[in-house]
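Reader: Hi! Could you walk me through this one?

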Amino acid sequence: MISNDEKRFLEPGKHLMMGNVAMSEGALSAGASFFGGYPITPSTEVIEHLSKRLPEVGGCCMQMEDELASINSVIGASLVGAKALTATSGPGFSLMAETISMAANLEIPFVFCDVQRNGPGNGYVTEPHHNDIGFVRFAGNGEFQVIALAPMNCQELFDLTITAFNFAETYRCPVFILSDAYLGHLHEVINIPPKEEILKRVIPRELPEDTSGRMFTYKDRVSGEYVTPKPPQMGTEYCPGLFIHQPHGPDGLPTPKPMEFIEAIIDKININKDKICLTDTYKIEDAEILIIAYGLPVRSSYRAVDIARKEGIKVGLFRLITIWPFHDEVVKEVVKNKKAIIVPELNYTGYIAEQVERVTDLKTPIIRVPKVCEFHHPNDILEKIKEVA
Amino acid sequence: MSGVGPMYPQEKPEHPYLESSYVGNLLGNYSSRFCAGCGYGIISQLYTRTFEDEGLDPKKYPLIIGIGCYSQIILLVHHSAQKILTLHGRAPALATGIRMGNPKMKPIIFSGDGDALGIGGNHFVHLCRRNLNCVMFIFNNGIYGMTGGQAAPTTLFGAKSTTTPYRMFERRIDGIEIALAAGATYVARTTVAHPRTFMKYFKTALKHNGTSIIEIITPCITNFGRKNLDSLGNENMNLEEDISKMDSAGKMIEWIKKNTVRINQAKFMDERELFNKYVIGEFRHDTSQIEYSEQYNRIKDIAQGRR
């Protein structure tokens, strides 16, 4: 439902922008027309910017009474056919977890921007800390699979937000953009592509073709493939019929076996891992030591690789753009025959290091470089490289 | 799930009146999941009847249902009605999203006393404050019925429940007072023992452009009536009648009738006399306030430079 309003798209070319603003502009370009939010440092700029911009393009930006209400208003808007998003951080995310679980089970698409910060309700709220990585994976009660993207600069915040909306439309699941306090407040020059180019990239919200009552992902009995219909839309000819909170089994009919629909909502994403899991590599061909990173630490890792290469150490960087689902097969292939794996993360637990450990053979050492509330200096990573080289 | 009507549009209708009217659909489904004597049967019949009488387009009046025994009404109303079962207490927030996502829609929210005044109290207050065009029903049975009779914020003082086995010692909350304070523009309370007023208020609310809050006092025999005496609410008047447990529909409806006071009578009664009573009637009907999405359209006009 992209409105033709010219105001939706910024003038093509270079703009100096804050990360949170770039995220908001990405959402507008992707066709978002509803935002429900509650101010919380460091994600406040998203609601501030969208409350100015969304009325301009005919959308609606609501400041709700709390995070519970904002996420519920977002899925309400998504049910009536608006592309919707919310942004929060820290404890706001915990409050929203309840409804994320519901939205994932009802297959209501929406985009969720988590500007991660340190600590619980009090503490270093303006410091970055990738501490929601584990929470995002199982963001709520019940079983479901989400998609989480980790941008590393403002340009990617813009581009990946469009990708996130496309994933949400295609796979009908909550899609997370994992920004953080530094990235959200970082001012960078971003390059806005022309309107036509953006429109080519965007998957618009469409009405379902099948009106027989199949609303949810089902496994086709003949081909054995998962079919995800377009999201049902309230207030149109296509009517959900009964309440939408019901288990969905093979052929789109209700099933008495909850196992079947849990399988469907998890496997619809897992079988499409090749399309969903975006990765990037840097000087990986002849690398003996491998850095696996995502988000902000990638920026330090690039520098560390360059310095190490100058000193004659063969280091490569493997970057995860999509964190969840974690693509086991691809990572397994990459970590093969490496002397050591270095995983710099902006948290102490090492959520991704755990995943890498899972797919790596026991002989390869996995070295974590934890940092909390501060950047990785390239030297921090370089030290570890020299230790194992 | 058999015996509760057609689950899907393609399913064969079970009753000859099914296609012709909503009420026919409802009456055709002679088995419901409600306990004997429950008020939700009355409410769903009155709701569907009003819906049909007014000739409402189901596409424009989506049903947003909270969590409680009344969630089963979802199975009784006509299959072409658009319904969504929400999380406990979050129905007003979801309705806000629906209304603002598509301002042609007027959501009808079903919620209970625990739903609207307990867990969702904040959402309820802010729905009233915004004056969003919607109808919100609060089915008040004074107890958490679905989980087996725990004390609710609306449980009367002195009543017994499974979590207040000696007696309820907290003061109860009054949803109507909150709605009035928060700024809802149509506020009314009725009971299932006054079905015609229910229909009247519902019709007024459908025509009203703004937040309409209608509280309905409904009996819960299984979890409230069987534990409590019908002297509840009359502690201050030394009645010399027989006191017995409210273990049947008749006794409970009688108790509701006895325990309600009309708004024009209530003006002449003091606080002591109104203790543990329900005041029924229309509390506010204010058409002067601007509706939320109309307000927002003005903001859009300013933002787009049209104003």
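Predicted model: local features only at pLDDT ≥ 70, side-chain atom pairs only at ≥ 80, totals over all residues.

Reader: What is the mean pLDDT of chain A?

Author: The mean is 88, and 92% of the residues of chain A reach 70 or more; pLDDT is the predictor's confidence in each residue, from 0 to 100.

Reader: Thanks! Is helix α1 of chain A mostly covered or mostly open?

Author: Mostly covered: eleven of the eleven residues in α1(A), residues 19-29, are buried, meaning under 20% relative accessible area with a 1.4 Å probe and protein chains only (exposed is over 50%, partly exposed in between). Helices here are DSSP runs of H or I with at least four residues, strands are E runs of at least two, and both are numbered from the N terminus. G31(A), which follows α1(A), has a positive phi, near 100°.

Reader: And M102(A), what does it contact beyond its sequence neighbours?

Author: Leaving aside neighbours within four places in sequence, M102(A) is in contact with I75(A), I84(B), L85(B), T86(B) and L87(B), where contact means heavy atoms within 4.5 Å. M102(A) lies in helix α4 (residues 91-106) of chain A and counts as buried because its relative accessibility is 4%.

Reader: Switching topic: how many salt bridges are there over all chains?

Author: The search finds 25, each being a side-chain nitrogen of Lys or Arg within 4 Å of a carboxyl oxygen of Asp or Glu. One of them pairs E188(A) with R299(A), with the closest N and O atoms 2.8 Å apart. That pair links strand β8 (residues 187-192) to helix α11 (residues 297-310) of chain A, and the two residues are 111 residues apart.

Reader: Nice. Are E188(A) and R299(A) buried or partly exposed?

Author: E188(A) counts as buried at 19% relative accessibility, whereas R299(A) is partly exposed at 31%.

Reader: Which salt bridge does R189(B) form?

Author: R189(B) pairs with D174(B), the closest N and O atoms being 2.5 Å apart. R189(B) is in strand β7 (residues 186-191) of chain B, and D174(B) is in the loop between β6 (150-151) and α7, 15 residues apart. R189(B) is buried at 3%, while D174(B) is partly exposed at 24%.

Methods: Residues numbered from 1 in each chain as written. Chains lettered and ligands numbered in written order. Heavy atoms only, no water.
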